[in-house]
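Please look over the sequence and the structure shown below.

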Amino acid sequence: MKKIILNIIIVLGIIVGISSCKKDGYFVGGELHNPKIDMTTYDWLKSNKYGVFDTVLMLIDKSGAKDKINASGITFFAPTDRDVHNYVQARSFAIQQIDPNKMWTVDSIIKYELKSFADSLDLYIVKEPLINSLLTEKGKKYKNAKGSDVIVSYEETRDPALGYNENSSVIPRIVYFTYLFSPIGDDFNVSTIVPPIGSHTRVQTSNAQTTTGVVQVLNDSHVLFFYR
């Protein structure tokens, strides 16, 4: 009996420990991590053991944009290699409407779009460190590095796939990055923003605080540069 009680106490202690750090930690692949990372944004992306950013970093290297994402005090809403793949697929589809034999590839980006790639990274950079505890459910407008409005929000989710459990009193919250294709007023419902007004994009890894800034990683269904 004593052993059973001891096991229950240990389990409760683990649950309390995890709950207490959820707000300030960051998640990668379902694992909770310390949000403070002792490396630059570039080095942290490069250190990903799954190679999630290999293509993105190759394009950053070739376009000379490393200093952009390593700038001090910024938040980088980082696209993944999958987001690049989604972009080349979309470009290929558009090109094939004119010539069915043509394709767009990563090599095409390297050959024709490196300058555009470097310039367009500014879409994903907000010039202040947006850690989760500073964000709100409703969302707030910020300027990206191009001077355009974006909205960053920290919204509750009741999606079981995103961690919701009806038996828990804690409702998980997810960071969203909303890029605006056209201006909107200050009275908005961020969760209803869809094209052609904007793109409401979920962050899959949030609150990673590097030595140079904050990283919020966009989910794999995003299309690079919000290409439509």
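A residue is called buried when its relative accessible area is under 20%, exposed when it is over 50%, and partly exposed in between (1.4 Å probe, protein chains only). The model is predicted, so local features need pLDDT of at least 70 and side-chain atom pairs count only at pLDDT 80 or more, while totals for chains, interfaces and linings use all residues. Residues are numbered from 1 along each chain as its sequence is written, and side-chain values use heavy atoms, with hydrogens and water left out.

Thr 201 counts as buried, because its relative accessibility is 6%. Thr 201 belongs to strand S8; strands (E, at least two residues) and helices (H or I, at least four) are DSSP runs, numbered from the N terminus. Contact here means heavy atoms within 4.5 Å. Beyond its neighbours within four places in sequence, Thr 201 is in contact with several residues, including Tyr 176, Phe 177, Leu 218 and Phe 226. The side chain of Thr 201 also makes a polar contact of 3.3 Å with that of Ser 199. Such a contact is a pair of N or O atoms within 3.5 Å; within protein, one must be able to donate a hydrogen and the other to accept it, and residues adjacent in sequence count only if both atoms are side-chain atoms.

Strand S8 is part of an open sheet of 7 strands, in the order S4-S3-S9-S8-S7-S6-S5, with mixed pairing. Two strands pair if DSSP finds at least two bridges between them. The edge strands, each pairing on one side only, are S4 (125–126) and S5 (140–143). S8 (residues 198–209) and S9 (residues 213–218) are antiparallel and pair over 4 bridges, and Val 203 has Leu 218 in S9 as its bridge partner. S5 and S6 (residues 149–156) also run antiparallel, joined by 4 bridges. In their hairpin, with 5 residues between the strands, Gly 147 has a positive phi near 85 degrees.

Lys 141 stands opposite Ile 151 in S6, and its side chain meets that of Asp 186 in a salt bridge (3.2 Å, N to O). A salt bridge is a side-chain nitrogen of Lys or Arg within 4 Å of a carboxyl oxygen of Asp or Glu. Because Asp 186 lies in the loop between S7 (173–180) and S8 and Lys 141 in S5, the pair ties together parts that are 45 residues apart in sequence. The structure holds 6 salt bridges; another of them joins Asp 149 and Lys 143 (3.0 Å, N to O).

What are the buried residues of helix H3? In H3 (residues 54–63) they are Val 56, Leu 57, Leu 59, Ile 60 and Ser 63. They line one face of the helix, because they fall within an arc of 160 degrees seen down the axis of H3; the arc is that of the directions from the helix axis to the C-beta atoms. These buried residues pack against helices H2 (41–46), H4 (66–69), H5 (81–96), H6 (106–112) and H7 (114–120).

A nonpolar core is a set of buried Ala, Val, Leu, Ile, Met, Phe, Trp, Tyr and Cys residues joined through side-chain atoms within 4.5 Å. The largest one has 46 residues, and Ile 60, Phe 177 and Tyr 124 are among those with the most contacts inside it. Apart from it lies another core of 5 residues, including Leu 180 and Phe 188.
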